[in-house]
Amino acid sequence: MFESLRQKLNQFKQTVNNKERALDDAEVGTAANDATPLAEGLEEATSEAYTPPAVHVDEAVEAPPSAEAPTQGVMQGETVRPTRGKSLFEREIKEKDLEEPLWDLEIALLESDVAMSVSEEIVDTVKRELIGTKRKWRQDVGALVERALRDGILKVLDVNGLDFDELIKQAPKPVTIVFTGINGTGKTTTIAKVAYRLKNQGYAVVLAAGDTFRAGALEQIERHADNLGVKLIKHQQGADPAAVIYDAVQYARAKHKDVVLADTAGRIHTNVNLMNQLKKIERVIDADLVVFVDEALAGNDAVERALQFNTAMAIDGSILTKVDADSRGGTAISIAHATNKPILFLGLGQKYDDIVKFNPQWLVNRLFGEAET
Amino acid sequence: MVMENLGSSLRDTLKKIARANRIDEKTLNEVVKDIQRALLSADVNVALVQQLSKRIKDRALKEELSGKLNPRQHVINIVYQELVALLGEPISVPLTRHTVIMVGLQGSGKTTTTAKLARFFQKKGLKAAVICADTYRPGAYDQLKQLCERIGVAFYGEPDHSNAVEITTRGLIELKRYDVILVDTAGRHALETDLVLEMKAINETSKADQRFLVLDSGIGQQASEQAKAFNEAIGLTGVVVTKLDGTAKGGGALSAVAEVGTGIAFIGTGETIDDLEKFEPDRFISRLLGMGDIKTLVEMIEEEPPIEMEEAEAMLKGEFTLKDMYKQMDAIRKMGPLTKIVQMLPLGSLGVDIPDGALQSTKETLERFKVVMDSMTDEELEHPRVIRSSRIKRIARGSGVTADYVRELLKYHKTMQRAMKGVRSQKEMQKFLRKQGLK
């Protein structure tokens, strides 16, 4: 996950850097002599991967640019004066120079399944951050660009920090967690994984078979409960899910259990009655945590769904499933943005221990190629 | 919502070209960029969008404007043709003896779709049977078995056995007297090598004539790659797109069929067993672009089909009855759960702009209006004028709403009636009626 986005982000950094450098070179070019190879470089600079001619790179590296640049002209027998009356040594990053790379950046985000609206917002943040920034002549703008990107993405992901483990530890028992989401995102499997994880941490877990609608749903969660050796509270098919979950909470209270994990039926967010059912569950249960489950394979619709579910039953955090299916990971960014709540876990496969805690800082570090923490 | 803004920005740009009498490159670039955005936010594959926009641009500049078309229609027509080409022909299933294998990613809706398909064949008078070859997901056996029992379709499965290939072999023998045999398989993705091998083996064993990929309409950029992998493994003959009752636009499905070179056979539009519809490219494309009237537009371009004059005349005279309104609402409702329905309401097409979001609960309202109208007598539907307070009370009681709500409905009807009177010329009328789905 995130490998292709990471490459694209680095490419963006590189492009902007090269572009800015080409602009520097171009200025020297016009000031010095049109016949220098720099003029050719300018034309190439508009295409994506411009590498300045080797000579100039060397020059830039070997000598302080501020001293070197004007003398270059002098050596060729001409006096160099800063053109257009502004300093050659300081330059502003201009909007028109960024237009093309920013569009490429947006495409890169879209390719990684970041939803359109969210991509636009990240690109805007980066744009705002960069445009008008003063930079020195021949300064490496890569670092500036990276910081802007990092901020743009972190701003979206690092929201209302909620530590799942801390919350379970500190909340009065039993802690009730309700899982919601559309059909087939992996709610039940995720509940089994979370139950497995909590059980290993020494908590007593109760499952509530809140999906009373789908054929086979009862059997599915029953089998998980058997495999994991945890208690399952269930009614028959067609029962009121709020009642099932309520019973599970009562049971947990009476038997001093620690955590209730409540399943709900998958529902499409345009179904008004089913969304109202969620509202009822919220009224009856007053859950400590509402977890929205969606799949990493989802595209733009992830945003709309998350918003609709959030309206019916305020989401406290999300879990992203099927991350192992070679997903691009952008969905994490979309959902975190739509709900303004953190991503708690990632689901990585079909086994009970295929679940990892999600950490935005880790993701950003990974995107920008630092050591994993 | 952002998506609505997107739809309206596309509309704005198209309006802009409509005013221009020829397309210059700058305007075209703007339009193409907007179309790109619409497609990208509908989850169409990025590379595909780039190819597509290049072709659209080339064609729009090269091809002559035919006399009938204004530039807007010209561009939309090209977009439409290109999208239709990508979608391929809708796949129609043979109504003869055959075997179908259902494959797809986890949670895409294979099991539900299998049952729906069995029901489809059953309704066509064929004897359908289902084999459960999903030995991985807990509850998969029970789910399919219960669904089959509900519709009275033969079912074969072995809950305690874990070899899906052997189960399939035995199932085929057991069910050999049935006409259509559907094999449901476990969810898997392209990177799960073992599972891909298993799928190949099940496919070979079953000698399936139809190999359907079940694809979630909400899938993003992964769609084409996953479809490609499935296709390489077993050679797909069609795609079933599920969960189209939500808000997903299904661009992933478009990318998948474009990649594989097959077509869409069915779409799933709900949780109940009959919520399976045959695929209609026009409606799908309208949804993709967020434009309600693409079919109308294209039809208009091709030829002006005659409309039912009686209906048209009745409406022109202002006798727009509640029955007409009912039909109209039904037509609108069938367009799918679009908040963009706004564009298709008469006020919108009469050039009155309704702000996005103003009619957010349109679908809900339409449905409730229909319920209220169901509580009316024929006389009341034909002659709304007879509805007075005691009838209002009765209707309200019958449909479970307040009397005020019934009055609101009548008020809405009056507004519509007035709008209808406002439409003057015959030509305008025809266009308008077609937009309303009244042919």
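## Chain B at a glance

Of the 439 residues in chain B, 44% count as buried, where buried takes 20 or more other C-beta atoms within 10 Å of a residue's own, exposed takes 12 or fewer, partly exposed is in between, and C-beta atoms are placed from the backbone. Keep in mind that this is a predicted model, with local features needing pLDDT of at least 70, side-chain atom pairs counting only at pLDDT 80 or more, and totals for chains, interfaces and linings using all residues. Residues are numbered from 1 along each chain as its sequence is written, while chains are lettered from A and ligands numbered from 1 in the order in which they are written.

Chain B has 20 helices and eight strands; these are DSSP runs numbered from the N terminus, helices being H or I with at least four residues and strands E with at least two. Take the chain B contacts between residues at least 6 apart in sequence: 74% of them join residues at least 24 apart. A contact here is two C-beta atoms, placed from the backbone, within 7 Å.

A:Lys173 and A:Pro174 are joined by a cis peptide bond, with omega about -5°. A:Pro174 sits in the loop between helix H8 (164–170) and strand E3 (175–180) of chain A.

Next come two non-glycine residues with positive phi:

| Residue | Phi | Loop in chain A |
|---|---|---|
| A:His256 | about 55° | between helix H11 (241–254) and strand E6 (259–262) |

Buried or exposed, A:His256? A:His256 is exposed, because 9 other C-beta atoms lie within 10 Å. A:Asp286 counts as exposed too, with 10 C-beta neighbours inside 10 Å.
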